[in-house]
Amino acid sequence: MQQVPFHFNASKNLEILSKTAFLTTHYAGKTNVMVTAWGALGVMWKLPVFVAMIRQSRYSYELIEKTREFTVTFPYTDLSKAAEVCGQSSGRDVDKLALTGLSTRPGRTITTPVLDVPGMHLECSVIYARLMSADKLNEAIQELWYDRQRNNYHAFFVSQILDSYITP
Ligand SMILES: Cc1cc2nc3c(=O)[nH]c(=O)nc-3n(C[C@H](O)[C@H](O)[C@H](O)COP(=O)(O)O)c2cc1C
């Protein structure tokens, strides 16, 4: 395990994120993993942040609302098989760790674990959450991403990155 600044490998990590990164949540002794390809890495209120964009319908949304924390993994190995499961089925219906064979290692600063895969991991604690509101949204984006999923807007979970590290 190598601790690194939150912006370490930023270009590589954002490239990975734009295709497939993983977001892990943990509640009541159970861990859930979803695929995420939308999000932002940056600085807000002088803090390193990751902004997760999670639709209200996701089980992950429910869990983050409860725990206010999650981890993000940018995998440095091919996880396309696991991504199929984690990006298409819901933790409400299945145990995705059992289905994929993915395992976890404990978080260092929060209760939520990180995926035990080669990659870079962020431990995130929500400091501000906001559901999108239709009246402030660009029309083209509304039409493209929300007209067919009415009332399934994303929430922006602005989260302080408490720890960031690479695992082999
Ligand atoms: C490539 C890819 C990227 C995705 N990115 C997001 C995302 O950024 N936000 C989101 O809410 N859902 C995203 N999804 C959908 C969720 O991963 C999917 O609905 C998942 O089943 C939710 O799991 P959950 O109900 O256990 O939270 C993505 C799916 C794929 C395949």
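A backbone N or O atom of Val35 sits 2.9 Å from one of the ligand's oxygen atoms. The model is predicted, so I keep that beside every distance.

Next I looked at ligand nitrogen. A polar backbone atom of Met53 is 2.8 Å from a nitrogen atom of the ligand. Arg58 uses its side chain: a polar atom there lies 3.0 Å from a ligand nitrogen atom.

Then I checked cover. On its own, the ligand has 640 Å² of accessible area, and the protein covers 81% of that. I also looked up the pockets. The ligand takes up the space of the largest pocket.

Which elements give two or more residues to the shell around the ligand? I found strand S3 (30-36), strand S5 (47-55) and helix H2 (59-67). S3 gives the largest share, 4 residues.

I listed the shell by residue. There are 20 residues around the ligand, and Met53, Ser60, Ser89, Ser90 and Gly91 come nearest. I got 8 nonpolar, 8 polar and 4 charged residues.

Last, the rings. My search of the whole structure gave 5 aromatic pairs. One of them joins Phe50 and Phe70 in an edge-to-face arrangement. Their centres are 6.5 Å apart, with 70 degrees between the planes. Why does this pair tie separate parts together? Phe50 belongs to strand S5 and Phe70 to strand S6 (residues 69-75), so the pair links parts 20 residues apart in sequence.

Definitions and conventions:
Residues are numbered from 1 along each chain as its sequence is written. This is a predicted model: local features need pLDDT of at least 70, side-chain atom pairs count only at pLDDT 80 or more; totals for chains, interfaces and linings use all residues. Side-chain values use heavy atoms; hydrogens and water are left out. A residue is near a molecule or strand if one of its heavy atoms lies within 4 Å of it. A polar contact is a pair of N or O atoms within 3.5 Å; within protein, one must be able to donate a hydrogen and the other to accept it, and residues adjacent in sequence count only if both atoms are side-chain atoms. Accessible areas come from the Shrake-Rupley method with a 1.4 Å probe; for residues, only the protein chains shown count as cover. On a 1 Å grid over the protein atoms alone, a cavity is a set of points where a 1.4 Å probe fits but cannot get out, and a pocket is an open set with protein on both sides within 12 Å along at least five of seven lines; lining residues have an atom within 4 Å of a point. A molecule sits in a cavity or pocket if more than half of its atoms lie within 2 Å of its grid points. Ala, Val, Leu, Ile, Met, Phe, Trp, Tyr, Cys and Pro count as nonpolar, Asp, Glu, Lys and Arg as charged, and the others, Gly among them, as polar. Rings of Phe, Tyr and Trp (its six-membered ring) pair if their centres lie within 6.5 Å; planes under 30 degrees apart count as stacked, over 60 as edge-to-face and the rest as tilted.
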